[in-house]
Number of protein chains: 2
Amino acid sequence: MTAEMLKGHLDNILLAILSSAPAHGYAVIEQLRQRSAGRFDLPEGTVYPALHRLETLELIDSSWVTPEGGRRRRVYHLTANGREALNQRRGSWRSFADAVSAVLDADAVNPVHKAEASAP
Amino acid sequence: MTAEMLKGHLDNILLAILSSAPAHGYAVIEQLRQRSAGRFDLPEGTVYPALHRLETLELIDSSWVTPEGGRRRRVYHLTANGREALNQRRGSWRSFADAVSAVLDADAVNPVHKAEASAP
DNA sequence: CCAGCTACCTAGCGTCACTAGGCTTACAAC
DNA sequence: GTTGTAAGCCTAGTGACGCTAGGTAGCTGG
């Protein structure tokens with residue numbers, strides 16, 4: 001699971017996290033860790049800039065919240081645009097994932113039987 | 001299906017293509033188009049450098065071949081390392097894809113019923 | 001007081017797919 | 001014969017983006 005793999009997909013999963021409930025950056029990171037069974041354990045330097053990017057794109061917006069006896073946090077929530085984008089991106093994720101799987105599994109579903117299967 | 005999505009996955013699908021049969025660059029591009037039902041229609045400027053990269057990593061190697069009445073082509077085929085790497089990468093692809101799907105579909109399996117379900 | 005956690009931010013780096021261009025050879029049409 | 005089109009290969013440069021490394025600040029417990 002290299003770092004490059006995430007490129008182009010980070011925005012999507014961030015939107016997905018925020019679609020369940022508004023959350024601040026740190027919480028987003030924890031949610032991601034949980035929902036992915038520890039496979040996405042992202043550094044802050046990855047997540048914060050991504051959130052800023054999404055806000056610039058107006059797919060999310062933020063508000064500062066100070067919980068009782070806590071320090072202030074920046075809480076993000078999806079905009080209408082964001083929700084729409086998420087649905088769209090879920091579709092293109094499926095399309096992409098299907099395409100990759102199709103290529104990866106093309107003739108190697110069961111490599112042992114390959115010769116057998118492709119025989120006339 | 002943006003361009004960024006492919007990052008970190010291109011090598012894997014190229015290895016997969018070459019695992020069925022050796023092929024030259026142009027043929028790899030066509031195979032990819034076919035096996036992905038047109039979703040991967042990659043420019044040469046993407047594929048050739050990637051093939052060179054894989055050769056440097058010794059996951060594939062190449063030989064110049066001149067077919068009857070044709071011009072010479074550079075034909076690539078998997079090395080033992082390449083075949084091993086492919087198996088490994090198939091695993092990490094599944095892991096990655098599962099994680100993304102898990103996050104994407106977490107609470108949005110049926111978004112229409114969400115409000116209903118989360119109501120007190 | 002200091003360690004450690006929460007919580008936020010950013011400049012710079014390295015990787016990588018893609019753009020845009022160039023080159024050569026086979027084959028068909030005019 | 002030359003012009004066009006497709007096959008076939010290559011590479012310098014660009015832009016996007018995740019990550020590293022570093023900083024700031026508040027709260028809690030020993």
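Tutor: A nonpolar core is a set of buried Ala, Val, Leu, Ile, Met, Phe, Trp, Tyr and Cys residues joined through C-beta atoms within 7 Å, where buried means that 20 or more other C-beta atoms lie within 10 Å of a residue's own, exposed means 12 or fewer, and partly exposed is in between, with C-beta atoms placed from the backbone. This is a predicted model, in which local features need pLDDT of at least 70 and side-chain atom pairs count only at pLDDT 80 or more, while totals for chains, interfaces and linings use all residues. Residues are numbered from 1 along each chain as its sequence is written, and chains are lettered from A and ligands numbered from 1 in the order in which they are written.

Student: Which residues of the largest nonpolar core touch the most other members?

Tutor: Among the 55 residues of that core, Ile13(A), Ile13(B) and Leu14(B) touch the most other members. Leaving aside residues up to four places away in sequence, Ile13(A) touches Leu32(A) as well as Val100(B), Val103(B) and Leu104(B), where a contact requires C-beta atoms, placed from the backbone, within 7 Å.

Student: What makes helix α1 of chain B count as mostly covered?

Tutor: Of the 11 residues in α1 (10-20) of chain B, 10 are buried; among them are Leu10(B), Ile13(B), Leu14(B) and Ser19(B). Helices (H or I, at least four residues) and strands (E, at least two) are DSSP runs numbered from the N terminus. For chain A as a whole, buried residues make up 31% of its 120 residues.

Student: Why is Asp41(A) called exposed?

Tutor: Asp41(A) has 10 C-beta neighbours inside 10 Å and therefore counts as exposed. Asp41(A) sits in the loop between α2 and α3 of chain A, and its C-alpha is separated by 8.0 Å from that of Glu30(A), 11 residues apart along the chain.

Student: How do you know that the two copies are related as by a two-fold rotation axis?

Tutor: The copies are superposed by least squares on the C-alpha atoms of residues with pLDDT of at least 70 in both, and chain A can then be laid on chain B with an RMSD of 0.0 Å by a turn of 180° and a shift of 0.0 Å along the axis. The two copies are thus related as by a two-fold rotation axis. The C-alpha of chain A nearest that axis belongs to Lys7(A), 3.1 Å from it.

Student: Why are β1 and β2 of chain A called edge strands?

Tutor: Two strands pair if DSSP finds at least two bridges between them. Chain A has 5 helices and 3 strands, and the strands form an open antiparallel sheet in the order β1-β3-β2. In this sheet, β1 (23-24) and β2 (60-65) of chain A each pair on one side only, as edge strands do. The pairing of β1(A) with β3(A) runs over 2 bridges, and Ala23(A) stands opposite Tyr76(A) in β3(A). In chain B, 6 bridges join β2 (60-65) to β3(B), with Trp64(B) opposite Arg74(B).

Student: Which residues come nearest to DNA strand C?

Tutor: A residue is near a strand or molecule if its C-beta atom, placed from the backbone, lies within 6 Å of it. Of the 29 residues around DNA strand C, His24(A), Gly25(A), Leu10(B), Gly45(B) and Thr46(B) come nearest. The elements that give two or more residues to this surface are α2 (25-35), α3 (44-56) and β3 (73-78) of chain A together with α3 (44-56) of chain B. Around DNA strand D there are 27 residues, and Gly45(A), Thr46(A), His24(B), Gly25(B) and Gly45(B) come nearest.

How values were computed:
Two residues are in contact if their C-beta atoms, placed from the backbone, lie within 7 Å.
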